[in-house]
Amino acid sequence: MPTDAPVTVRRGLVAILPDLRGFARFLTRDVSAADDLVQETIVRALASQAQFRPGTSLKAWLFTIQRNAFYEQRRRRKREDEILDGMGQDGSLAGHPLSEPGRHDDVSDLTTLLWKLPDIFREALILVGAQEMTHEEAATVCGVPVGTMKARVSRARAQLAELAAPQLATG
C-alpha cells in the first residue's frame, strides 16, 4: 500500500491545484503570497507523499499541509516583525488591499464581509462553503472534532448574515 501513495499524490495534485490556490488566496489575501504558499504546499506534499494513506481524502491532506505551512509562515513573520520593531525599523509587512477604492459589487462586498469574520470562522466557511469539503474533511484539515467544525460553520454563517444585514437594508 505505501508504494501507491506517491502515485496517488502526484496524480491527484494537478487536479487539486486550483482549490489549493483558492484556499491560499483566502488565507493570505495576496496573490503573490498565495502562489508562494501553494508552491510550499506542493514541495512539502511531494517530500512527504509516502505518508499519504490511499483511500483517505487527498484534498483534506493537502489542505492540512497548506494550512500548517501558512500558520508557520505567519508565526515566523510575526516574530521577524517583533525583532525589526525592537531595532527601531519599520517591520510592517502589510498586504495589498482586497479591492480598489470605490469598487462596489456583490463579490467584493462578500469578500469584505468575509474578512470581518474571526479567522477560525472564515476558515471553516471557506473550507465547507467555497471549497465544498465535507464537515469531516474540514475538521481533519483544522485538527478539530466534526461537531466543532459544524458549530464554526454555523456561527460563521450567522455572523455573515448579521454583517450583511445593514448593507441589504441600504441596498
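Predicted model: local features only at pLDDT ≥ 70, side-chain atom pairs only at ≥ 80, totals over all residues.
In which helix is glutamine 66 found? Glutamine 66 belongs to helix 3, which spans residues 58–86.

The protein chain contains seven helices and zero strands. Of the 171 residues in the protein chain, 36% are buried. Contacts between residues at least 6 apart in sequence have also been sorted by separation, and 65% of them join residues at least 24 apart. The accessible surface of the protein chain amounts to about 10,200 Å², and carbon and sulfur atoms account for 54% of that surface.

Helix 1 covers residues 4–28. At isoleucine 16 this helix bends by about 55°, and proline 18 follows within four residues. Isoleucine 16 is itself among the buried residues of helix 1, a list that also includes Pro6, Val9, Leu13, Leu20, Phe23, Ala24 and Leu27. Arginine 29 comes after helix 1 and has a positive phi, near 65°.

Against this background, the position of glutamine 66 can be described. Its relative accessible area is 0%, and because the threshold for burial is under 20%, glutamine 66 counts as buried. Leaving aside residues up to four places away in sequence, glutamine 66 touches Leu20, Phe23, Ala24, Leu37, Val38 and Thr41.

A pair of aromatic rings is described by the distance of the centres and the angle of the planes. The count of such pairs comes to three. In one of them, the ring centres of phenylalanine 23 and phenylalanine 63 are 4.8 Å apart and the planes meet at 5°, so this pair is stacked. Because phenylalanine 23 lies in helix 1 and phenylalanine 63 in helix 3, the pair ties together parts that are 40 residues apart in sequence. Phenylalanine 23 and phenylalanine 63 are both buried.

Another aromatic pair is formed by phenylalanine 70 and tyrosine 71, with 5.0 Å from centre to centre and 65° between the planes, an edge-to-face arrangement. Phenylalanine 70 has a relative accessible area of 9%, so this residue too is buried.

Key
Residues numbered from 1 in each chain as written. Heavy atoms only, no water. Helix = DSSP H or I, 4+ residues; strand = E, 2+ residues; numbered from the N terminus. Buried < 20%, exposed > 50% of the residue type's maximum accessible area, 1.4 Å probe, protein only. Contact = heavy atoms within 4.5 Å. Areas by Shrake-Rupley, 256 points an atom, 1.4 Å probe, with all protein chains shown as cover. Bend = angle between axes of the 7 residues up to and from the residue. Phe/Tyr/Trp six-rings, centres within 6.5 Å; stacked < 30°, edge-to-face > 60°.
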